[in-house]
Amino acid sequence: MSLYQVDKLLFALFNDLELQESYKQNPAEVLKRYHLQDSELEALRDLNAGALYRMGAHSFLLWQFAANDGPQTGRLF
Amino acid sequence: MGKISLGLAAPHNPNITSRPDKMSPEVQGKLDSAFGHLKTRLSEASPDCLLILTSDHVTNFFYNNAPMFCLGISDTCTGPAPKELSELRIARATLKVDTTMAKGLLNYGIESGIDFSYSQEMILDHAFMVPLSLLTPRMDLPIVPLHINGMLPPRPTAARCYRLGQQIGDYVRNHYKGNVAVLASGSFSGDIGGPKMGSIDTALDLEFLDLVKDGKGQEMIKKATAETLDRAGVANEILIWITLQGVLGDLRPSFTDYICGKDWSTAATLATWQPNIR
């Protein structure tokens, strides 16, 4: 249950379509609202779901994030 | 008083409705046939209510508040979730909840040792809507949605889920007036989003399916350790099947099928149980 703020962001992006749209337009603005460490911010900006998984983020939320915004699932790991 | 007239188990792999064009004609034919079988049994049983056992897919619940067991008790519930509408190819629908059963079961649980959580705002995500769209496409059968935590570990134990199932059975038989069908929605293994996504653990699936065929609920409980559930992946629904075994008292199924689609990350396992036909 580490990386709570990353999971919290992914959960919000997953379920709040307006926030999802805001994130697409201006990710930095949305990322500011969460208490994220530099390594987490970097992985989110790079859409590096593999790194986020290895840090401990929830895999199902990551998959949704990747499916919506980033690399295809086959490239996640 | 009341009775459990039918048990059903079906997958909710969103590919079934969202990407039918990706299925081979052979897989499509098998799925149509198996779902058709379940739909016919459901129609024949003509229940007053369909109790749906499944795990919320991080739609209603998150680490800020993660119940083990949660009953939807509002007058109606709507699905699919907004995030799923563009992909799932299931029209948004509002289903009537059998609140007599939902609230009755809630109170019975509290009085008899199952501390249910409950919700007046449960959204029906694809785990509910995929099988509903295929089994009751008119969405006109009153439901009771019951979330059993599968995706936000720690999960409830298998023994606890089996006991939950037994208490559901006790409630229906002793306190509910009507005829209930119970649907377990989910697959045995599935690492959706995890590192094993893309491969199906057929060996594990078939070990559990064999126990289901023999009605060996206690063996399923022994097998469903936290280690086995981790092996089965983040989106495994073994506990859902075990809960249904508890409801049905280890009845042997009258029908089972196991279907693997190309490019799927979870297999489709379907089953029916007919308690009135021994």
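A residue is termed buried if 20 or more other C-beta atoms lie within 10 Å of its own C-beta atom, exposed if 12 or fewer do, and partly exposed in between. The legends below describe a predicted model.

**View 1. Helix H10 of chain B is mostly covered.** Of the 11 residues in this helix, which spans residues 238-248 of chain B, 11 are buried. The buried set begins with B:Ile238, B:Leu239, B:Ile240, B:Trp241 and B:Ile242, and it also includes B:Thr243, B:Leu244, B:Gln245, B:Gly246, B:Val247 and B:Leu248. Just after H10(B), B:Gly249 adopts a positive phi of about 65°.

View 2. B:Asp170 is located in helix H6 of chain B. B:Asp170 counts as partly exposed because 13 other C-beta atoms lie within 10 Å. B:Val247, by contrast, is among the buried residues of H10(B).

**View 3. Helices H4 and H6 of chain B cross at roughly 115°.** The axes of H4(B), residues 99-112, and H6(B), residues 158-175, come within 10 Å. The crossing of H4(B) past H6(B) is right-handed. On the H4(B) side, the contact is formed by B:Gly104, B:Leu105, B:Tyr108, B:Gly109 and B:Ser112, while H6(B) contributes B:Gln167, B:Ile168, B:Tyr171 and B:His175. Classified by residue type, this contact comprises 4 nonpolar and 5 polar residues, with no charged residues.

**View 4. Strand S3 of chain B pairs with strands S7 and S6 of chain B.** In a regular strand, side chains alternate between the two faces of the sheet. In S3(B), residues 69-72, B:Phe69 and B:Leu71 point one way, whereas B:Cys70 and B:Gly72 point the other way. All of these residues are buried.

**View 5. Chains A and B meet through residues contributed by both chains.** Chain A provides 15 residues to the contact and chain B provides 16 residues. On the side of chain A that touches chain B, helix H1 (4-15) and helix H6 (59-69) of chain A each supply at least two residues. By class, that side of chain A has 10 nonpolar, 4 polar and 1 charged residues.

How values were computed. Residues are numbered from 1 along each chain as its sequence is written. Chains are lettered from A and ligands numbered from 1 in the order in which they are written. This is a predicted model: local features need pLDDT of at least 70, side-chain atom pairs count only at pLDDT 80 or more; totals for chains, interfaces and linings use all residues. Helices (H or I, at least four residues) and strands (E, at least two) are DSSP runs, numbered from the N terminus. Two strands pair if DSSP finds at least two bridges between them. Two residues are in contact if their C-beta atoms, placed from the backbone, lie within 7 Å. Ala, Val, Leu, Ile, Met, Phe, Trp, Tyr, Cys and Pro count as nonpolar, Asp, Glu, Lys and Arg as charged, and the others, Gly among them, as polar. Axes are lines fitted to C-alpha atoms, for helices over the stretch in contact, and angles run from 0 to 180 degrees between N-to-C directions. A crossing is left-handed if the near helix is turned anticlockwise from the far one by less than a right angle, and right-handed if clockwise.
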